[in-house]
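Q: Please take a close look at one helix and follow it into its surroundings. Keep it brisk.

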Amino acid sequence: MFVPESPALLRIVGNRLLLSVPLLLIVSALTFLLEALIPGDIARTIVGPQATPEQYLQLKHSLGLDQPLFTRYQQWLENVVHGDFGTSLFNHEPVTTLLNGRLSVTLSLVVGSTLLAAIVGVLLGIAGALRADIAGTAVDALSMVGLAIPNFFLGLILIALFAVAIPLFPATGYVPFDESPLDWARSLVLPVVALATPGIAVVAKQTRDSMRAVLERPFIRTLRAAGLPRRSIIFKHALRSASAPVVTVLGLIFVASLGGTVVVESVFAMPGLGGLAVQATTQHDLPLIQGVAVYFTALVVVVNLLIDLAYGWLDPRVRVE
Amino acid sequence: MSVLTDQVAIGPPSHSHELVRRLIRNPVAIAAITFLGIVTLLCIAAPITAPFDPLHQDLERVLSGPTDHNLLGTDTLGRDVLSRLLYGGRRSLLSVLEGVVVVTALGVPMGLAAGYAGGWVDRVLSKFGETIMALPALIIVLVVLAVLPQNEDAAMISFGLIGIPAILRVVRSATLRVREDLYVAAARVSGLNHLQIVGRHIFPRVWGPVIVQASLFAAYALLFETGIAYLGLTADPSTPTWGGMVGEASTAIQRQAWLLVPSGTLIASTILAFGLLGDALRDAVVMGEGGLAHGAPRSVVTRRDRDADTAEPLNGRSGLVLRVRNLSVSTMRSAGEIPIVDGVTFDVYAGETLGIIGESGCGKSVTALAVLRLLPQGLRAIGGQVYWQGDDLLSITERSFDGLRGSSLAYVSQEPQSSLDPTYTVGNQLVELIRHHQRVSRRKARSSAIALLRQVELQNPNQVAHAYAHELSGGMAQRVAIAFALAGRPKLLIADEPTTALDVTVQAEILGLLRRLQRETGMALILITHNWGVIADICDRAVVMYAGQIVEQSGIQEMFDRPLHPYTLGLLNSHPSLAEPGSRLSSIPGNVPSPASWAPGCRFSPRCRFVAEECVKTPIPLIDVGPGHASRCVRVDQIFAKASA
């Protein structure tokens with residue numbers, strides 16, 4: 001009780017960062033070791049069936065595959081700590097250069113869609129909680145459909161409708177923010193909607209359930225009996241108490257949308273990390289795909305940290321525990 | 001509200017045939033199963049059902065829409081879309097099966113182990129689950145596909161592995177619930193080994209949630225499979241796959257948008273069917289565990305019998321603030337209405353304190369909440385009037401009622417801590433209330449808030465203003481709740497057992513506070529209690545409630561001196577501080593009946609020691625037995641004449 005607020009928050013941040021070290025280690029080990037764990041020979045896959053034994057052995061050596069596994073991992077990890085993810089096997093550029101050049105596209109998509117899912121999902125969920133009959137059923141139906149339509153299909157429908165039939169937005173491509181903020185926003189609308197739709201459905205459902213539970217709690221009755229207007233009771237009081245599970249869901253949605261960008265970037269031909277990951281996969285560019293995996297995990301770590309801070313801000317009891 | 005929870009039917013444990021029976025009663029489940037069954041059969045039998053060779057190109061018929069020849073049209077190379085869908089479905093559905101098998105075969109044992117063993121096993125497995133959940137599945141699978149190009153089996157097995165935590169968590173929590181059950185303990189004592197216990201006694205109880213998760217996971221697996229197929233990572237372009245066909249369609253989106261429709265719609269409908277089946281299974285399983293599957297009806301005030309009482313509304317007659325006439329409240333359930341409060345009538349005068357007394361479950365709180373129109377979900381005021389300054393509170397609009405709450409009528413509940421919003425400081429909430437009622441500046445409201453906290457006798461009002469609900473003691477929280485109620489300067493305060501949850505010394509302080517506040521502000525007070533001490537202490541008049549009805553009503557002195565209903569008499573005799581010194585403390589035999597089992601005649605008759613033939617036949621009216629004194633007892637003359645004789 002005597003712990004002041006800021007040190008408690010610092011402790012939350014510290015704990016989360018400490019926990020994120022093993023997560024990053026596990027992911028890096030996993031992505032690194034997958035190659036060894038999976039039956040199959042990456043060097044053989046890369047050089048192809050027509051290669052000479054010399055070419056094969058040379059590639060094996062240049063990939064370090066002729067060294068013991070642990071030594072390789074140690075070496076790779078050491079390099080990664082120094083910001084060196086190796087060199088792309090395909091176009092021989094440093095992996096970090098390739099990744100950093102595309103980070104902003106993916107961030108715009110993922111952050112944009114998570115925000116959209118949060119705002120629209122919460123509003124729909126509140127409507128569903130307040131009107132059990134019409135809006136409640138609508139939220140149910142919508143969330144089912146939203147989850148069932150794959151985002152690549154939805155993306156193509158959006159292109160067919162709002163880029164081809166009614167040319168409101170560009171069908172494909174990405175305009176960097178510093179080139180033209182307006183075109184940047186226009187190029188993001190359709191992919192962000194495609195990426196956010198399943199998230200909207202999940203957030204709406206969670207918000208509705210959690211709001212319904214909170215609206216039955218005694219403090220809501222107290223505030224209503226004391227005369228507070230409905231608006232304040234719903235948006236200020238009930239929503240805040242109902243939001244912890246919604247925030248949890250938003251974290252999961254963020255992780256899911258990182259996976260989703262891989263597909264959506266392909267649909268909308270956007271030069272992001274996801275497109276790079278697909279390219280790396282088809283070209284067997286192992287260092288590059290390892291780099292993408294570590295970048296994505298680092299993003300997840302950052303988001304989990306933000307979520308922990310959000311818990312602390314939303315519920316004062318978390319701060320003192 | 002224990003009266004309500006009694007009504008919830010507890011279903012039998014989820015046996016498989018029981019589950020199936022519930023499932024086939026659900027039309028959505030039937031539709032989903034039928035759809036999935038038909039699609040699966042048609043795809044398995046693709047060599048027979050497909051009208052064309054899926055690889056056969058017909059460049060004369062490129063991108064045709066649906067025709068008699070090609071029911072679903074042709075693609076960019078003139079291949080028949082329907083045939084390609086049927087062949088492609090074999091791969092997609094096999095992939096779904098692979099993912100589901102992997103996830104259940106590994107996730108279920110891990111979840112059972114975590115839930116049953118507990119301890120470090122649980123911690124390690126839960127940590128493992130959390131870590132995996134933080135990974136984007138697609139990226140991990142891409143790494144796999146980089147090493148094993150176009151190997152869809154490998155991709156789906158990896159996807160299944162990544163999906164383990166979802167099912168692990170569900171099985172773990174289901175196991176935890178079952179583990180402590182008596183028969184599991186009995187099995188342990190009887191010498192079965194752990195494997196036998198888990199296999200025979202725990203698994204049969206957790207498989208319900210498992211099939212729910214498996215069905216939902218199938219939806220995700222198909223979503224995922226079509227995604228990687230769309231990206232062209234799992235098959236060479238000529239092989240038909242559902243996802244790949246959407247990919248092909250995207251290249252012709254300008255020329256023939258129709259091509260998107262068959263493959264995309266089929267994917268979406270199949271995912272939807274898996275999802276709906278999962279939801280239907282969940283409903284069936286939850287019903288088996290005794291949960292409420294039906295949405296509770298909304299709490300709305302509806303008017304039924306307007307003519308129950310034709311008394312004209314009072315027009316500010318001096319002294320009278322609240323006039324309740326024939327107020328009735330019922331539960332609203334699919335099983336039908338069950339009355340909870342039945343024809344309650346009473347008045348409250350300015351500045352007086354009216355006590356409402358009775359055992360738990362007699363309808364006291366429900367009466368108060370009905371007056372405030374704050375009935376919980378599932379309860380409705382179905383009749384009667386509540387007059388406040390000439391208006392019937394039950395029939396005015398919600399908006400006009402909002403204007404009365406807090407400023408005319410206010411409310412204090414019996415659970416002080418949970419009646420404060422845990423996420424805002426006391427000061428924040430109080431300032432908001434004051435600003436709403438008095439339209440003053442934030443600064444002014446802040447000083448009013450401190451003054452109000454001081455008025456409810458809090459020692460350190462500044463400190464309390466900065467505190468959250470969980471930092472307050474019960475007594476402090478109740479003072480704060482009273483301050484909330486006073487923020488709008490109400491003319492009537494309804495306090496529902498405001499001291500029940502508190503220590504004895506604090507109880508006295510809170511009662512003293514209420515009495516002082518009432519004297520200072522002149523507001524009327526309705527005090528709900530089951531404690532005669534509280535009634536004696538601060539009430540002017542008392543209403544005794546039993547089984548949803550008022551059974552006696554009189555001035556406080558009169559009630560203690562001359563109780564005229566056997567229930568009142570019983571209550572008084574069972575109260576330690578009121579019983580005659582030296583006499584035995586008697587309690588009323590039996591319990592308050594639940595609303596569904598009220599006796600047709602006098603509802604107290606099953607517990608009454610004076611019961612006679614005339615008590616049990618017809619409903620007993622409330623009759624005047626003296627000035628301001630009423631009793632609902634037909635034998636009042638015989639019983640009490642004899643008692644005083």
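A: H10(B) has 37 residues, yet its end C-alpha atoms are only 46 Å apart. A straight helix would reach 54 Å at 1.5 Å a residue; the expected span is 1.5 Å times one less than the number of residues. Helices here are DSSP runs of H or I with at least four residues, strands are E runs of at least two, and both are numbered from the N terminus. H10(B) holds a kink of about 55° at Phe203(B), shortly before the proline Pro204(B). That bend is the angle between axes fitted to the seven residues ending at a position and the seven starting there. Just after H10(B), Gly232(B) takes a positive phi of about 75°.

This is a predicted model: local features need pLDDT of at least 70, side-chain atom pairs count only at pLDDT 80 or more, and totals for chains, interfaces and linings use all residues. Residues are numbered from 1 along each chain as its sequence is written, while chains are lettered from A and ligands numbered from 1 in the order in which they are written.

Now the core. The largest nonpolar core has 269 residues. Such a core is a set of buried Ala, Val, Leu, Ile, Met, Phe, Trp, Tyr and Cys residues joined through C-beta atoms within 7 Å. Buried means that 20 or more other C-beta atoms, placed from the backbone, lie within 10 Å of a residue's own. Val203(A) and Val292(A) have the most contacts inside this core. Helix H10 of chain B, residues 194-230, gives the most to this core: 18 residues. Domain 1 (12-52 + 70-290) and domain 2 (566-644) of chain B both contribute residues, so the core lies between them. Those bounds come from an automatic or database domain assignment. The C-alpha centres of these two domains of chain B lie 63 Å apart.

Chain B as a whole has 23 helices and 12 strands. Of its 645 residues, 47% count as buried. Among contacts in chain B between residues at least 6 apart in sequence, 68% join residues at least 24 apart. A contact means C-beta atoms, placed from the backbone, within 7 Å.

Chain B also touches chain A. The contact takes 68 residues from chain A and 66 residues from chain B. On the chain A side, helix H10 of chain A (residues 230-267) supplies the largest share, 12 residues. By class, that side has 44 nonpolar, 15 polar and 9 charged residues. Ala, Val, Leu, Ile, Met, Phe, Trp, Tyr, Cys and Pro count as nonpolar, Asp, Glu, Lys and Arg as charged, and the others, Gly among them, as polar.

Notes:
Buried ≥ 20, exposed ≤ 12 C-beta atoms within 10 Å, placed from the backbone. Contact = placed C-beta atoms within 7 Å.
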